[in-house]
Amino acid sequence: MPHGDPEDKRARFEALALPLMGVLYNTALRLTRASEDAADLVQETFLRAYRTFENFRPGTNGKAWLFTILYSVFVNRWKRARREAGPIPPDELEERFQRFVEVAPGADEEAGKTEAWGERWPPEVEAALRALPEAFRAAVLFVDVQELSYEEAAAVLRCPVGTLRSRLFRGRRLLFASLQEYAREAGYLRPVN
Amino acid sequence: MLTTGNHPGDELQQLLDGRLEAERRAQVEAHLAVCARCRRELAALRWVTAAVRKGLPERDVPAAVAAGVAAALDGADRAARRRRPAWVIGLALAAAAVLVVLVTRGGAPDVVAAAAEELARYRAADLPLQLETGDPRALERLIARSTLRFPVRVFDFGMMGYRLAGGGAHRLAGRRSALFAYEDAGGRRVVCQMYEGRITELPAGAERREHDGIQFRIYRTAGLTLVFWQEGDVVCVLASDGDPEEAVQLAYAKAIKE
């Protein structure tokens, strides 16, 4: 819709987008993993969003619309240029996850004590998320951190919902595997009995 | 009915996220009652999802980022007020597209094509400038506050009849660049950019010239001329829609031997 008076357009755009600058910036940081790139990514996202504001349908999810633009800019400008080099190869993380779930009965561990973490999260979670390969990181980022629906996240990533679901599944498993040692040492995973 | 040898896999995740139909959910829950492996897998998924959902630390938006966004929107507003008819934009972009096609034959086209497109967008009043100014020093001060890691000098083409219109920190085919835009009284336009790189990375198909010991690579087509040269670790490109030879002379006048 938005047409007509340019000042009115600017006001409506700012009312929608400016309150979301923080989530866009933090998402950009987690995608690019560099504050300079995140700043550029946010600026380009706002500019593109403003110039295509006519395409936004009022009443739909403005955050998802802005994320769609942000991710498109990221893919076009940054993704190909950045090497994916997490500290632990995904295959090794997958093996760790399998070892965790396949441990013999009787050696069970509890893995549900997140309440005990309090309000402040340790930096290990952030670091482990940033170390995930981009496709899985983006799925976890948009569904778990930004709480988009599967359908909205799939639209942002321009992939089928089934693809989003499998990336999310793998991303969560890899994230758990990379945090497992830390969680155990910190007492968040405890043997049952 | 699921058996212990037939694990539900990513349906555990859908159970966790409340996306299973009631009948299927009952089947998966029945499986969980008899399968320690899947209970552990579900517990792991629940744990990590809660860990992320509970809230990661959020950084405040730096003031410079917010200011950059405001400046970009201001630039877009100014460009919209000057906007030319769609057919002018179409012609300009078509000219750039011809150049893209031509240089693509020679190899990676990104920088050449992108520089041509930026000129086309500027001609079409479709390239927002971070700062609109006729003062090269003001533009240098703005760029010095940006995240560019190389020293930038804004060319002054005043003696050649081109007036600085503005510019700022930019990106050229994904590379950080400094961009300066000019126009003359006859409506001809020049867009210069500087970025870290080597002219040896440019695609084939360029005319090569040497002037005062400096190597130049020149691409020409469809009324656009692009002249590249090296200054230290920085590549400079001058894109012009004016007379092709004049564009080369402008580059000769401003190039500094590394």
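# Exercises on a predicted two-chain model

The cover over the buried residues of H3(B) includes helix H5 (90-101), helix H6 (123-131), helix H7 (134-145) and H9 of chain A, together with helix H1 (11-16) and helix H2 (22-34) of chain B. Helices (H or I, at least four residues) and strands (E, at least two) are DSSP runs numbered from the N terminus. The model is predicted: local features need pLDDT of at least 70, side-chain atom pairs count only at pLDDT 80 or more, and totals for chains, interfaces and linings use all residues. Residues are numbered from 1 along each chain as its sequence is written, while chains are lettered from A and ligands numbered from 1 in the order in which they are written.

**Exercise 1.** List the buried residues of H3(B) and check the length of this helix.

Step 1. A residue is buried if 20 or more other C-beta atoms lie within 10 Å of its own, exposed if 12 or fewer, and partly exposed in between, with C-beta atoms placed from the backbone.

Step 2. The buried residues are Cys38(B), Arg40(B), Glu41(B), Leu42(B), Ala43(B), Ala44(B), Leu45(B), Trp47(B), Val48(B), Thr49(B), Ala51(B) and Val52(B).

Step 3. The expected span is 1.5 Å times one less than the number of residues.

**Exercise 2.** Describe the side of chain B that touches chain A.

Step 1. Two residues are in contact if their C-beta atoms, placed from the backbone, lie within 7 Å. By this rule 38 residues of chain B are in contact with 43 residues of chain A.

Step 2. Helix H3 (36-53) and helix H4 (63-82) of chain B are the elements giving two or more residues to that side. H3(B) has the largest share, 15 residues.

Step 3. The side divides into 21 nonpolar, six polar and eleven charged residues. Here Ala, Val, Leu, Ile, Met, Phe, Trp, Tyr, Cys and Pro count as nonpolar, Asp, Glu, Lys and Arg as charged, and the others, Gly among them, as polar.

**Exercise 3.** Find which residues touch the most other members of the largest nonpolar core.

Step 1. A nonpolar core is a set of buried Ala, Val, Leu, Ile, Met, Phe, Trp, Tyr and Cys residues joined through C-beta atoms within 7 Å.

Step 2. Of the 70 residues in the largest core, these are Val42(A), Leu70(A) and Val140(A). H3(B) gives the most to this core, with nine residues.

Step 3. Neighbours within four places in sequence aside, Val42(A) is in contact with Met21(A), Leu24(A), Tyr25(A), Ala28(A), Val65(B) and Val69(B).

**Exercise 4.** Is Glu14(A) buried or partly exposed?

Step 1. Glu14(A) lies in helix H1 (residues 6-17) of chain A.

Step 2. Glu14(A) counts as partly exposed because it has 15 C-beta neighbours inside 10 Å.

**Exercise 5.** State where confidence in chain B is lowest and highest.

Step 1. pLDDT is the predictor's confidence in each residue, from 0 to 100. Chain B averages 83, and 86% of the residues score at least 70.

Step 2. The lowest mean, 57, belongs to helix H5 (residues 86-104) of chain B, and the highest, 95, to strand S8 (residues 234-240) of chain B.

Step 3. Over residues 102-109 of chain B, pLDDT stays under 50. Where pLDDT is low, the predicted coordinates should not be read in detail.
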